[in-house]
Amino acid sequence: MNKKRHILVVGSGVSGYAAAVAAAESGGVVTIVDKACYPGGQCTHVNVGTICGLFIKDELIEHPFLTDFYKSYCDFDEQARVINHAGYPVLSYDWKRLTDYFSQKLTENKVEVLSSAQISGIQTSGSLITEVLIEKNGEELPLAVDAVIDCTGKAVVTEFLGTETICSDNYQAPAYIFELSGVSANSEFQLQMILSRFVAKMDFPPLYVVPGSFKTGKVVLKLALKVAGTDDEDQKEQLLVATQKFVQEKLLPELKEQTEAFGKATISVLFPEMGWRTGKRPKGKKILTENQLKGSFKSSDFVAVGAWPMEEWKEDGQVEIKTLTGVCYGIPAGCLRHNTFDNLFMAGKNISADERAISSARVTGTCLQTGFAAGKMAGADNAMDLERVIEKLYQTIEHYF
Ligand SMILES: Cc1cc2nc3c(=O)[nH]c(=O)nc-3n(C[C@H](O)[C@H](O)[C@H](O)COP(=O)(O)OP(=O)(O)OC[C@H]3O[C@@H](n4cnc5c(N)ncnc54)[C@H](O)[C@@H]3O)c2cc1C
């Protein structure tokens, strides 16, 4: 990189964190902005509880950033690798530890973190974004940028630009997650059996134990809501309030009364956000489709490896899991590049993909990789350099295709 590039990452979820670190490693001056007051996005605000998409069968995907992340987390907790309900290896994590890990890595990489802030305007010139206005504490700060990476999980930058998004009438159903203390049982399996019987009797939405979360009388539970996904922010807020009320005033009192295992349970954490699995995404130079998730699809601009099955949560609270036909698939760089703005990149659940393809590519292990790739791509000085960066990203994962 000749002159230091100013790179803005919008959203400090798992993909934003990876993008910011990768952009800083490329020599960029990086700012990350998030409306929330701590990093981690859905991993820490929703506490989805496990990191999927890190493995191909039982083997960790060979990718430098994933390896580093996996090893660092297992140094914290040697028991973190567990098997989930469907039989896949995943990494269980503690949301506070993960928040600290992200914060520490952003600081080490000298990323400027603007939390409790959001973008309020964008200036463009031709096919380039030149300046972004950031609103923090009631003030607007102008930031000149060479590249922007949209990691908001809901096409926030694209919406400001007024360009095309990929929408669906069929977004996945959301879930709400909370932690209980004072729970007594022999195993997670036993707890799951108790919960399954309880929800069937009460006609409540399905309740799942987050794998690896039952420790010292605490357990994290995922309530799979029987409603359709939406992009409507007011509806989202109303559902969050109603669900928190339901958990506190109906679900827990009944659970305490009707089961011995939860007889002394209390709520230790009500997570601050509802978990919306999918929503609108920016349209990129390419769109990842279900057909491309077949192992036979090849492209020399693959920058990430997807290995998680297509996992779709339906309005009836049930999940449909469709195994990949190959062992893995590649995500082309074009899905991380905005359709019309040349210095706008996307990562995480915000990549350009159809609703079926994102049901696989949205998992955290894949978000880490697309974040890393978008960060490296945003660090490229010019079009030729970008081609070189993409080639290098491809070389690190080429052996999978
Ligand atoms: C209920 C549920 C269960 C899941 N279970 C699993 C699981 O078990 N394993 C797994 O691997 N994955 C799971 N996932 C998927 C995975 O957690 C997410 O897809 C992934 O965390 C998305 O990361 P991201 O960085 O792309 O986006 P996000 O985590 O959504 O981060 C986006 C960030 O952008 C910020 N932001 C949004 N709007 C603005 C704005 N206007 N200005 C500034 N900042 C903004 C947000 O505050 C947030 O921090 C689950 C998801 C859900 C919803």
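This is a predicted model: local features need pLDDT of at least 70, side-chain atom pairs count only at pLDDT 80 or more; totals for chains, interfaces and linings use all residues.
**Helix pairs and a ligand**

Side-chain values use heavy atoms, leaving out hydrogens and water.

**Exercise 1.** Work out how α3 and α9 cross and which residues make their contact.

*Step 1.* Find the helices: α3 covers residues 64-76 and α9 covers residues 364-378. Their axes (lines fitted to C-alpha atoms over the stretch in contact, with angles from 0 to 180 degrees between N-to-C directions) come within 9 Å and cross at roughly 130 degrees.

*Step 2.* Pick out the touching residues (contact: heavy atoms within 4.5 Å). From α3 you get Phe65, Leu66 and Phe69, and from α9 you get Gly365, Leu368, Gln369 and Phe372.

*Step 3.* Sort them by class (Asp, Glu, Lys and Arg are charged; Ala, Val, Leu, Ile, Met, Phe, Trp, Tyr, Cys and Pro nonpolar; the others, Gly among them, polar). That gives 5 nonpolar, 2 polar and no charged residues.

**Exercise 2.** Now try α1 against α4: find the angle and its label.

*Step 1.* Look at residues 14-25 for α1 and residues 95-108 for α4; their axes come within 10 Å and cross at roughly 20 degrees.

*Step 2.* Give the angle a name (under 35 degrees is roughly parallel, over 145 roughly antiparallel, 65 to 115 roughly perpendicular, the rest oblique). So α1 and α4 are roughly parallel to each other.

*Step 3.* Check who meets whom: Val14, Tyr17, Ala20 and Val21 of α1 face Tyr101, Phe102, Lys105 and Leu106 of α4. The tally for this contact is 7 nonpolar, no polar and 1 charged.

**Exercise 3.** Describe how α1 packs against α9.

*Step 1.* Here the axes come within 7 Å and cross at roughly 30 degrees.

*Step 2.* List some partners: α1 brings residues including Val14, Ser15 and Glu25, and α9 brings residues including Thr364, Cys367 and Lys376. Count by class and you find 9 nonpolar, 4 polar and 2 charged residues.

**Exercise 4.** Track down some polar contacts (N or O atoms within 3.5 Å) of the ligand, starting with Arg362.

*Step 1.* A polar backbone atom of Arg362 sits 2.6 Å from a ligand oxygen atom.

*Step 2.* Cys52 also uses a polar backbone atom, 2.8 Å from an oxygen atom of the ligand.

Note on methods: Residues are numbered from 1 along each chain as its sequence is written. Helices (H or I, at least four residues) and strands (E, at least two) are DSSP runs, numbered from the N terminus. A polar contact is a pair of N or O atoms within 3.5 Å; within protein, one must be able to donate a hydrogen and the other to accept it, and residues adjacent in sequence count only if both atoms are side-chain atoms.
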